[in-house]
Amino acid sequence: MIIGVMSDSHGDYQAIEKAVKKIGVVDLWLHAGDCCTDAEFLKTLTGIQTIAVAGNCDWPNPQAEVDEFIEADGLKLWLTHGHRYEVKLNTHLLVDSAKQKAVNIAIYGHTHILENRYYGDVLVLNPGSVARPYFGAPSFMKLRIEKQVVTVEVLFLP
């Protein structure tokens, strides 16, 4: 399974279009919030299932969940924006929550900073921001999950 992951697009449809063009074929898109309505644009653009969560800039939006759980090739993924887990301070609360929820991969946004790191058995990913990175170029991720092995590719926009 190939999964595209982006976050913090903040209404920048041009950045979303560039990411879609660059990533190639995916089976699923995940959007980690801010602006979760951009996920509707992403879904319309690609015709591919897109799962999104609400971020701190998405309120009020009664259709968007704060947390989503996805099963992929026997692995449990948790998609959240991260603002409710104080990720701008550190990822301790997020990692503890991931362990309590028994997930294999925790995906979050909010900080606009890339992360691709294991905390024990939990892989914690932040694709950065596809539109407004705090450092460097706009970024997003491509996950390949095969036989419960995860390969993470970080992609950058010019």
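Analyst: **A residue and its setting**

Lys99 is partly exposed, since its relative accessible area is 48% (buried means under 20%, exposed over 50% and partly exposed in between, with a 1.4 Å probe and protein chains only). The model is a predicted one, in which local features need pLDDT of at least 70 and side-chain atom pairs count only at pLDDT 80 or more, while totals for chains, interfaces and linings use all residues. Residues are numbered from 1 along each chain as its sequence is written, and side-chain values use heavy atoms, with hydrogens and water left out.

Lys99 belongs to helix 3 (helices are DSSP runs of H or I with at least four residues, strands are runs of E with at least two, and both are numbered from the N terminus). Asp121 is 22 residues away from Lys99 along the chain, and the two C-alpha atoms are separated by 8.5 Å. The loop between strand 5 (75-80) and helix 3 (92-100) holds Glu86. Although Glu86 is not a glycine, its phi is positive, at about 55 degrees. Glu86 is also partly exposed, because its relative accessible area is 48%.

Asp8 is another residue with a positive phi that is not a glycine; here the value is near 50 degrees. The loop that holds Asp8 runs between strand 1 (2-6) and helix 1. Is Asp8 buried or exposed? Asp8 is buried, because its relative accessible area is 0%. Leu114 is part of strand 7, which covers residues 114-119, and counts as partly exposed because its relative accessibility is 36%.

The loop between strand 1 and helix 1 contains Asp12 as well. Asp12 has a relative accessible area of 28%, so it is partly exposed. Asp12 and Phe156 lie 144 residues apart in sequence, and 15 Å separates them in space, C-alpha to C-alpha.

Helix 1 (residues 13-23) packs with helix 2 (residues 38-46) at an angle of about 40 degrees, and their axes are 10 Å apart (axes are lines fitted to C-alpha atoms, for helices over the stretch in contact, and angles run from 0 to 180 degrees between N-to-C directions). The two helices are therefore oblique to each other (under 35 degrees is roughly parallel, over 145 roughly antiparallel, 65 to 115 roughly perpendicular, and the rest oblique).

Cys35 is in the loop between strand 2 (28-31) and helix 2. The peptide bond that leads from Asp34 to Cys35 is cis, with omega near 5 degrees. His31 and Ile51 are 20 residues apart along the chain, with 6.2 Å between their C-alpha atoms. Ile51 is in strand 3, residues 50-52, and is buried because its relative accessible area is 15%.

The search of the whole structure finds one salt bridge (a side-chain nitrogen of Lys or Arg within 4 Å of a carboxyl oxygen of Asp or Glu). Side chains of opposite charge can pair when their charged atoms come close. The partners are Arg144 and Glu153, whose closest N and O atoms are 3.9 Å apart. Arg144 is partly exposed because its relative accessibility is 36%, and Glu153 is partly exposed because its value is 33%.

Finally, Ile113, Tyr134 and Phe135 make a nonpolar surface patch of about 340 Å². Patches are made of residues with over 30% relative accessible area and no salt bridge, with like charges joined within 9 Å and nonpolar side chains (Val, Leu, Ile, Met, Phe, Trp, Tyr) within 5 Å; accessible areas come from the Shrake-Rupley method with a 1.4 Å probe, and for residues only the protein chains shown count as cover. Phe135 sits in the loop between strand 8 (122-127) and strand 9 (139-146). Phe135 is exposed, because its relative accessible area is 63%.
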